[in-house]
Amino acid sequence: MERENAWKKYDDTAEVYDFAEGYRQFISQNKTERECAAYFEGKAKAAGFKDLKEVIKAAVPIRPGDKLYAVNKAKEVALFVIGKKPLCEGMRILGAHIDSPRLDLKQNPLYEDTDMALLDTHYYGGVKKYQWVTLPLALHGVVAKKDGEVIKVSVGDEPGDPVFGVSDLLIHLSQEQLEKKGAKVVEGEDLNVLVGSIPASKKEKEEAKELVKANIVNILQEKYNIEEEDFLSAEIEVVPAGEARDYGFDRSMIMGYGHDDRVCAYPSYEAIAAMSKVDYTSVCLLVDKEEIGSVGATGMHSSFFTDMVAELCALEGNDSAVYLRRVLSNSKVLSSDVSAAYDPNYPSVMEKKNSAYFGRGVVYNKYTGSRGKSGSNDANAEYVAWIRKVMDDSDVSFQTAELGKVDAGGGGTIAYILGNLNMQVIDSGVAVLNMHAPWEIISKVDLYEAFKAYKAFLIAE
Ligand code: MN
Ligand code: MN
C-alpha cells in the first residue's frame, strides 16, 4: 500500500519546476482573497473567458466550448467551460478556497500609546497567535469611501516599502510568560501592529494630544486620501511580508504565505484554463471564507454558485427548477484543500499508514472531520474507486490520508456543503507543513501532480 515518491517518475523535472515557479510568483503577489479573485479574473479574461453576467444580460444561449466566468463581490470566482453533453448529465467541479488565515484590522484600529502608533487587529481563521510576533508584516486590502470609491492598499511587499509587525516580550523579562499555556503565551488582544513613532509637528495639529497618531493620520491622508473614519468601511489584512521562496538545497519545496488553499486554487485554475472541448461541463470554483466556516455571501454556503448554475441552465434553454436539481445531483467534485504533511518532528499526532507525505503526489481524504468523522463529507467507496481509476489511467501519483491520528484534533473543508447538494464529492489536495503558520511549506512535485490530477478529472469519462 506504500506509495512511490513521485519525483522518481521524472527524468526531466523542468516541467515540475516551471509550473512551481509560476505558482511561487502567484502567491508572492496575491495575498488576499480579493487579490486572488482579481488575478484569476484577469487571467480568465486574457484566456478568452467571457463575463457570465454580460452573457446573461444579452441572453446569448450557451454552446459547447464556451468559456465563462463570474465574480462574486470581488472575493469569489466561478469559471465554466461548457461541455458537449447537456448540463443535466452533471458537471465536473474543482473547488478550492482563496482566503487564508491572517490578522484583520479592527474597524476602529488606530491608537497611540507611549508615543507609539498601533493598529488593533482581530485574527481571522485558526492561528497559533505566538507565531505572528516579530515577523515582517504587510498591509493589504481596501478602503471603501462614502462616495463609492474603493482605494486599494498594499504596503510592505514592494521593494523599498516599510514593513510592520507585532512585538514580543524580551526573553530577559519572560519568566512569567513562559509559564503560560501555548494558547495564552501571546493573546489575541495583544496582536497590535506597530506603525509609527514620530509626533506630528505641533504647528499643524496645535490641539492634538496624540501627535504620533496624528502624524500617521496625516500620512494616510496625503498618501491614500484616507480619513481615520474611513477605517470603519475598510478591509485591511495583515499578512507576512515578502516573497515565497524555494526551500531546501534541492529547491524541491516552496515556503510561502497562504498555501492553504492557494496551492489548490492555482492548479485548479490552470487545469480549467487548459480545457477546450470537454464532454462534461468543467467548473472551477474559488471561494472565500472557508477558514471561518464557509459562511456569508462569498463563502461556499452562499447561494452564489447554485444561482450561477441556474443561470447556465436557463441559457441552455432549461429553466425549470427540477432541471437544476438534476444538474447538481449528477455532478462530481474534487473539493480541494490542503492536507497535513507528515512531520518527522511531530510523529506522535500522525498514524503512519494513513498520513500524507511530501513527494508522494496529490492527496485524497475520503473523510476529514473530528471526533469520529464529525462534520466530514465521507466519499462513497464507488466514487473513490472511480477516482483511483482516473488517476491510474493518467499516471497521476496520488496518496490517501487522514488529518492526523484519531482524536488528535481534526478539521473541515467545503466538501460537505457540495455533498449536501447530493453531488459525488471527495476531499483532495496538496500536503502542507506548518499549516496555518505565517510561512507554510509544500512540495513542488505534489503541486504538479495535483495539476495533472485536476486535468485528468475534468476530462474523465
Ligand atoms: Mn484550507
Ligand atoms: Mn485552513
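**Metal site.** Before anything else I needed to know what a donor is: an N, O or S atom within 2.8 Å of the metal. I also noted that this is a predicted model.

Glu291 sits in the loop between strand S13 (281-287) and helix H7 (304-316). His436 is in the loop between strand S21 (431-433) and strand S22 (440-443), so I wrote down that the two are 145 residues apart.

Are Glu291 and His436 buried or exposed? Glu291 is buried at 14% relative accessible area, and His436 counts as buried at 17%, because the cut-off is under 20%.

The manganese ion (ligand 1) lies 3.2 Å from the manganese ion (ligand 2), and Asp260 coordinates both.

**Sheet.** Next I traced an open sheet of five strands, in the order S11-S12-S22-S21-S15, with mixed pairing. Strand S11 (245-247) and strand S15 (339-340) are at the edges with a single partner strand each, so one side of each has no neighbour in the sheet. S11 pairs with strand S12 (residues 253-256) in the antiparallel sense, over three bridges. I found Tyr247 bridged to Met253 in S12.

**Helix H1.** I tested its length. The 16 residues should span 22 Å at 1.5 Å a residue, and the end C-alpha atoms are 23 Å apart, which agrees. Its buried residues include Phe19, Tyr23 and Phe26. The buried residues of H1 pack against helix H2 (33-46) and helix H11 (444-459), among others.

**Rings.** I got 18 aromatic pairs. Phe26 and Tyr39 have ring centres 4.6 Å apart and planes at 45°, so I logged that pair as tilted. Phe26 is in helix H1 and Tyr39 in helix H2, so the pair ties together parts 13 residues apart in sequence. Phe26 itself is buried, at 1% relative accessible area. Both rings belong to a cluster linked by ring pairs, which also includes Tyr10, Tyr266 and Phe451.

Technical notes
Residues are numbered from 1 along each chain as its sequence is written. Chains are lettered from A and ligands numbered from 1 in the order in which they are written. This is a predicted model: local features need pLDDT of at least 70, side-chain atom pairs count only at pLDDT 80 or more; totals for chains, interfaces and linings use all residues. Side-chain values use heavy atoms; hydrogens and water are left out. Helices (H or I, at least four residues) and strands (E, at least two) are DSSP runs, numbered from the N terminus. Buried means under 20% relative accessible area, exposed over 50%, partly exposed in between (1.4 Å probe, protein chains only). Two strands pair if DSSP finds at least two bridges between them. The expected span of a helix is 1.5 Å times one less than its number of residues. Contact means heavy atoms within 4.5 Å. Rings of Phe, Tyr and Trp (its six-membered ring) pair if their centres lie within 6.5 Å; planes under 30 degrees apart count as stacked, over 60 as edge-to-face and the rest as tilted.
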